[in-house]
Amino acid sequence: MEGGALRVMFLSPYFRPYLGGIERAIERLSHQLLESPSVEAVGVLTTKYSFPPAPHPEWPDRERTPEGISIYRVAGFPAKPPPFYSVPLVWLSPGKMRRFLDEFDPDVIHFVGDGWFWGHLWAYLWRRRRARFIFTPSYHTLPTSRTWLKHINRFLCRRMDRVVTLTRQEAEQVARDYGAKQERLEIVGWGASVLGEGQTTTARETCNSRTVDILCVGRLSHHKGQAWLLDVYQQALPQFRHASRLVLVGQDEDSEANLRIQVKRFGLEDQVIFTGELGDEDLGHWYAEADIFALFSRYEAFGLVYFEAMLCGLPVLTHEVGANRELLTSGSVVVPRFDQHRAVEELVRLVNDEDYRQGLGQEGKEYAKSEFTWEAVADKYISLYQGNGSEVF
């Protein structure tokens, strides 16, 4: 590795064509790494499952994206994962994983997320003397039923060359709960991309020019809080001085069915839009044309979508969970956790006060551009891949 270009392999149980938050972060970071003369190749070792867990045996074992990312996919057994911990508990061939690792021959292996312990274990066993290991765990509080995963994370954190957290709060949690050594800890957040720059869409052409679109991006689920947001929207609606729409971007058939029942109960069929899961281009259209971004997840380790929205000039409305208070210091309204009264109050102000809304959006845009770029993130990771770094405490 010394003196030569790096061959970096990411490990994640899910990847393209499924692209959730972590997976999009891997893709964006990979694209930026490939721009550097310090990086020779980037690969992703993953499974033939999408999320929520669904098998896709038809996906090829190997694929190369137009941007140059090499993807290696391992099939699991049984095809339908056990219901109590999705894909990681299915059997994945260690021999096939080893063949993929030998074929790509990485000198850096980067675990992103803590949800694929079989993949982590086999990669570590096969390559521990031939690669530098980086672990970005994306910390979250584990329920009692998953205490065993905490022990696995402790095992990994104590054997990695570097453990990278997204925020200072997360660094403290990983040191406390996973026993990560302070001298091996680093803080590197994610970057964000302007998905909607220069784009237009016909989505609003049939609407009055004063219609205010409130955008929410995230997998439809209890965790992402769309049902709670619908309650807030329904309560705020009578106080709006402008026509409005709530746009829910994301997919999950069961959750969408329940949300549609809620929408019908509120009589909001004409004001709530379900887009399903979108690719970057279509998502960029909505970012470009929306007026407000709102998301009330139960927890966010980083919240990449907040910064994508900010880069498009959208003010952010959310609440104090995870690292939101630490990260969203400009261009955002962060209300107390699940404080419905304050959320309604702030949404009404954002819809009704155009100057306030646009001013806050501009503040957020400048903040995101100055603090959260993939170029800066890639530079920090290349330094870590090369064996550099500094203590965070």
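Lys48 is buried in this predicted model, since its relative accessibility is 9%, under the 20% cut-off. Its salt-bridge partner is Asp61, and the closest N and O atoms of the two are 2.6 Å apart. Lys48 sits in the loop between β2 (39-47) and β3 (49-50), and Asp61 in the loop between β4 (54-55) and β5 (62-64), so the pair ties together parts that are 13 residues apart in sequence. Asp61 counts as partly exposed, at 24% relative accessibility.

## Salt bridges

The count of salt bridges comes to 22.

| Pair | N to O distance | Separation in sequence |
|---|---|---|
| Asp61 and Lys48 | 2.6 Å | 13 residues |
| Arg130 and Asp105 | 3.7 Å | 25 residues |

The side chains of Arg130 and Asp105 meet in a salt bridge with an N to O distance of 3.7 Å. Arg130 belongs to the loop between α3 (117-127) and β10 (132-136), while Asp105 belongs to the loop between α2 (94-104) and β9 (108-112), so parts 25 residues apart in sequence are tied together.

Asp213 counts as buried, with a relative accessibility of 0%. Arg245 is buried as well, at a relative accessible area of 9%.

## Backbone geometry

Most residues other than glycine have a negative phi, and most peptide bonds are trans. Some positions in the model depart from this pattern, as follows.

Asp105, described above as the partner of Arg130, has a positive phi of about 55° although it is not a glycine. Its relative accessibility of 36% makes Asp105 partly exposed. Phe338 is also not a glycine and has a positive phi, of about 50°. Phe338 lies in the loop between β18 (332-335) and α11, and counts as partly exposed at 23% relative accessibility.

The peptide bond from Arg16 to Pro17 is cis, with omega near 15°. Pro17 is placed in the loop between β1 (6-11) and α1 (21-33). Pro78 is found in the loop between β7 (76-77) and β8 (91-92).

## Helices

Two packed helices are described by the angle between their axes and the distance between the axes.

Helix α6 (residues 226-236) and helix α11 (residues 340-352) have axes that come within 9 Å and cross at roughly 60°. That angle makes α6 oblique to α11, and the crossing is right-handed. From α6, the residues Trp228, Asp231, Val232, Tyr233, Gln235 and Ala236 take part in the contact, meeting Gln340, Ala343, Val344, Leu347 and Val348 in α11. By type, the residues of this contact divide into 8 nonpolar, 2 polar and 1 charged.

Helix α4 (residues 147-157) packs with helix α5 (residues 168-178) at an angle of about 105°, with the axes 9 Å apart. That makes α4 roughly perpendicular to α5. Lys150, Asn153, Arg154 and Cys157 in α4 meet Val174, Arg176, Asp177 and Tyr178 in α5. The residues of this contact comprise 3 nonpolar, 1 polar and 4 charged.

Helix α9 (residues 304-311) is mostly covered, with 8 of its 8 residues buried. These residues are Leu304, Val305, Tyr306, Phe307, Glu308, Ala309, Met310 and Leu311. After α9 comes Gly313, whose phi is positive, near 80°.

Note on methods: Residues numbered from 1 in each chain as written. Predicted model: local features only at pLDDT ≥ 70, side-chain atom pairs only at ≥ 80, totals over all residues. Heavy atoms only, no water. Axes fitted to C-alpha atoms, helices over the stretch in contact; angles between N-to-C directions. Helix = DSSP H or I, 4+ residues; strand = E, 2+ residues; numbered from the N terminus. Parallel < 35°, antiparallel > 145°, perpendicular 65-115°, else oblique. Left-handed = near helix turned anticlockwise from the far one by under 90°. Contact = heavy atoms within 4.5 Å. Nonpolar A, V, L, I, M, F, W, Y, C, P; charged D, E, K, R; others polar. Buried < 20%, exposed > 50% of the residue type's maximum accessible area, 1.4 Å probe, protein only. Salt bridge = Lys/Arg side-chain N within 4 Å of Asp/Glu carboxyl O.
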